[in-house]
Amino acid sequence: MRLRLLVVPLLAAAGLAGAEAQAGELTATQALGKLIFFDTHLSINRNQSCATCHAPAVGWTGPDDMINKGGAVYAGSMHERFGDRKPPSSAYSTGSPVLHNQQKDPKKEAVFVGGHFWDGRATGERLGSAAAEQAQGPFLNPVEQALPSAACVVHRVCNGAYWALARAVWGADACNVDWPADPCAQPAAGSRPSPADAVRVEKTYDAIAHAIAAYEASPESNAFTSKFDYVAKGKAGFTAEERRGLRLFEGKGKCGNCHVLARAGQPGALFTDFTYDNLGLPRNPANPVYAADPAFVDRGLGAFLRGRADHDRHAEASMGKHKVPTLRNVDLRPDPGFVKAYGHNGYFKSLKGIVHFYNTRDAKPACPLRPDGRVYNEAEALAGKCWPAPEVAQNVNRSELGNLKLSTAEEDAIVAFMRTLSDGYRP
């Protein structure tokens, strides 16, 4: 009860709507994770939170349709700095296990499962949770929230508006650090805590990550309130086109091979198997990374595995592979005109476009380069009845997509089914 008395006013003070109802659904740790998730002070310029790139109204991914229409890559707290991939959904992702190769036969190609980020680099090996390790990444990434150290993150959390809840959840000792100076200062000379306090800072930094992951695993994030879920409970029904789309999704379209409807040990259909694949996506010509480095190639999982003693031998066969995302909330948007981006680099701007690509990638001719040397974007490729070459030509999946021989009506049916995966449906 004492924790609830702390949680409700803190959520309300943070401007998080429906604080009373949400507090009833969240544990104290999840509520603390939510406050951290939405805290813009946890960035170098106090202008960016986790939710800046993972907004609930658009399925916990990028909320700016002007950005989504172009490169789909979001600027960091320092607005002149950009990453190189679009934000994946933070929802329905906490079930991703520690990164591992589930292929036991050394003579066969490795099958990596788990981890976080598009390239799996948040492995979960240190914290036992890939989601928690992912949560730590943006805080210290110079192209994202750009804070100088874990100590700075801990300092701002422990001295933030929700300091009392943090101490109640973690214990008073978690924030009992004798700071010689503000560790967020630039430069942070003389701000290093004592060895004992340094250990405390490390433990609290990990607790911050686990709190965020707890919120990402909460019913508020993983709501399971889509039309699909109500149909599964017998409280709603699919249209004829949606039913046809589901059959195609699991059958001729082969979508369900990776975006699986069921997984052992999971509470509901997550529409991902947490594996990695090279879909043969073209480079996104609007991605700012190419302006900074025209030679850049996003090799995904393979680049991360390169140099790791345990997995280097699998790096070459993993080049170009990126994590299979959940399809839950794939069409969730605030209004019909809002543009979402699809694919790890945001090349596609419509569900119809990416389904058509899966269907016809290998059946259409290759697009030429534009006169300025730029790759065709999605609209130009659709108009030209062609597809640009894959950014990474090796390891392209040709057995499950590329020439599915789906009709236009069948493509439309699959899109109609995927639109039933948005949370917030009211039967």
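The dialogue below goes through several features of this predicted model, one at a time.

Q: How is the packing of two helices described, and at what angle do the axes of helix 10 and helix 15 cross?

A: Two packed helices are described by the angle between their axes together with the distance between those axes. In this model the axes of helix 10 (residues 240-250) and helix 15 come within 7 Å and cross at roughly 100°. Because angles of 65 to 115 degrees count as roughly perpendicular, helix 10 is roughly perpendicular to helix 15.

Q: Which residues make the contact between helix 10 and helix 15?

A: On the side of helix 10 the contact is made by Glu241, Glu242, Arg244, Gly245, Leu246, Leu248 and Phe249, while helix 15 brings residues including Ala409, Asp412, Ile414, Phe417 and Met418. Sorted by class, this contact of helix 10 with helix 15 has nine nonpolar, one polar and five charged residues.

Q: Where does threonine 420 lie, and is threonine 420 buried or exposed?

A: Threonine 420 lies in the segment after helix 15. With a relative accessible area of 3%, threonine 420 is buried, because buried means under 20%. Leaving aside its neighbours within four places in sequence, threonine 420 is in contact with Ser226, Lys227, Phe228, Phe238 and Glu242.

Q: Where is asparagine 329 found, and which residues is asparagine 329 in contact with?

A: Asparagine 329 is found in the loop between strand 4 (322-323) and helix 13, and asparagine 329 is buried, with a relative accessible area of 2%. Its contacts, leaving aside neighbours within four places in sequence, are with Gly59, Trp60, Tyr92, Lys340, Leu421, Ser422 and Asp423. Asparagine 329 and methionine 418 are 89 residues apart in sequence, and their C-alpha atoms are 8.5 Å apart in space.

Q: How many of the ten residues of helix 13 are buried, and what covers the buried residues?

A: Helix 13 (residues 351-360) is mostly covered, with eight of its ten residues buried. Among these buried residues are Leu351, Ile354, Val355, His356 and Phe357, and what covers the buried residues of helix 13 includes helix 14 (378-384) and helix 15 (408-418).

Methods. Residues are numbered from 1 along each chain as its sequence is written. This is a predicted model: local features need pLDDT of at least 70, side-chain atom pairs count only at pLDDT 80 or more; totals for chains, interfaces and linings use all residues. Side-chain values use heavy atoms; hydrogens and water are left out. Buried means under 20% relative accessible area, exposed over 50%, partly exposed in between (1.4 Å probe, protein chains only). Helices (H or I, at least four residues) and strands (E, at least two) are DSSP runs, numbered from the N terminus. Contact means heavy atoms within 4.5 Å. Axes are lines fitted to C-alpha atoms, for helices over the stretch in contact, and angles run from 0 to 180 degrees between N-to-C directions. Angles under 35 degrees count as roughly parallel, over 145 as roughly antiparallel, 65 to 115 as roughly perpendicular and the rest as oblique. Ala, Val, Leu, Ile, Met, Phe, Trp, Tyr, Cys and Pro count as nonpolar, Asp, Glu, Lys and Arg as charged, and the others, Gly among them, as polar.
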